[in-house]
Amino acid sequence: MTIRLPAADGTLRRHEPRTEPLAVAPGTPFTSRTVFAAAHVVADPYADVSPDSPAAVDWDATLAFRRHLWSHGLGVAEAMDTAQRGMGLDWAGAAELIRRSAAEARAVGGRIACGVGTDQITGGTLAGIRAAYEEQLAVAEEAGAQAVLMASRALAATAGGPEDYREVYGHLLRQAAEPVILHWLGPMFDPALEGYWGSSDLDAATDTFLQVVAAHPDKVDGVKISLLDARREIDLRRRLPRGVRCYTGDDFHYPELIAGDERGFSDALLGVFDPLGPLAAEAVRVLDTGDAQGFRALLDPTVELSRHLFRPPTRFYKTGVVFLAWLAGHQSHFTMVGGLQSARSLPHLARAYELADTLGLFPDPELAQERMRTLLSLHGVTP
């Protein structure tokens, strides 16, 4: 049986869905790489809210998805960009998410790292920004989670230059109880972060970033680089102090960055590993055996889907991630906090379905096809 999918030019094309999913079983944590999947949140579809209301979260479904990721050996990166931080999920909701997910991680033995930022404020002084970071850092540490120091819109708007970044981050690293992950999120993910680390010149910004790390190497577990620039990430990771990891956040080049070369490799903290979880986990287990070619054979075919999900405007990739979670049966509906399900077009979603189905990502291909047909019918398309 085929299904007709709309293309961007208004035509319909036929797709023959898979009848069997890719067979991937849950497994143990990895030995050669540290890998986090940045996880989305599941909205409460019955909540009477508007796009600018505080997020209404379906906690049962949200935590069940994290158990799914943990069961495959993946760590969970919580309350970060993929969870719609700053795009529907405010600090109050993020704090609750951190507490609940950290407790669930302890209960099942899962690894978790949680985003720490300044999204309870919109601007102010450097002292106020430090205090906002400190408040969130305390929540993550009290929950027993590793902290990810995320880029701050307030700091980007307030900082007068590189010295302000060195001062704020140095203050936070000195008081962190355990080594943290520093996150450099590029403006393609959040335009408000243009010029982060004190300069729009990426070479100068990289120097400042590395100065922060070099001044506190015992307090930095790793750095997460989300610039979608593989060469820059490789150059940066080769300049890191010994023992400091580079976690790729490059959803365009992750297979080669994780595989690495004779001079090193990147670990991973990726939003695309939310929909790719089981397949990505299987690929890393193959890499654990030393089979880099087998790893690439599994993961390289996923790049087309990832590039599609993260196409500009890149910040709306979350819509495709949640859409695929619905098709895969991880949630009962396709609604998002902040109404963000409307952020991608029907042709975009149809192509995401086609690519994911071809990869065998849906545990129940018939369910995915049925839900895709329902969405098409709601948009007036006879599938």
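The model is predicted: local features need pLDDT of at least 70, side-chain atom pairs count only at pLDDT 80 or more, and totals for chains, interfaces and linings use all residues. Residues are numbered from 1 along each chain as its sequence is written, and side-chain values use heavy atoms, with hydrogens and water left out.

**Strand 7**

- Strand 7 spans residues 180-185, and six of its six residues are buried (under 20% relative accessible area, 1.4 Å probe, protein chains only).
- Val 180, Leu 182 and Trp 184 point one way from the strand, while Ile 181, His 183 and Leu 185 point the other way.
- Strands (E, at least two residues) and helices (H or I, at least four) are DSSP runs numbered from the N terminus.

**Pairing and crossover**

- Strand 6 (residues 146-149) runs parallel to strand 7 and is joined to it by two bridges; strands pair if DSSP finds at least two bridges between them.
- Within strand 7, Ile 181 has Val 148 opposite.
- Six bridges link strand 7 to strand 8 (residues 220-226), also in the parallel sense.
- Ile 181 also stands opposite Gly 222 in strand 8.
- From strand 7 the chain passes through helix 6 (residues 202-215) to strand 8 in a right-handed β-α-β crossover (clockwise from the first strand over the helix to the second, with the strands pointing away from the viewer).

**Gln 341**

- Gln 341 sits in the loop between helix 12 (317-327) and helix 13 (346-359).
- Its relative accessible area is 25%, so Gln 341 is partly exposed (between 20% and 50%).
- Beyond residues up to four places away in sequence, Gln 341 touches Thr 319, Phe 334, Thr 335 and Met 336 (heavy atoms within 4.5 Å).
- A polar atom of the Gln 341 side chain lies 2.9 Å from the backbone nitrogen of Met 336.

Conventions:
A polar contact is a pair of N or O atoms within 3.5 Å; within protein, one must be able to donate a hydrogen and the other to accept it, and residues adjacent in sequence count only if both atoms are side-chain atoms.
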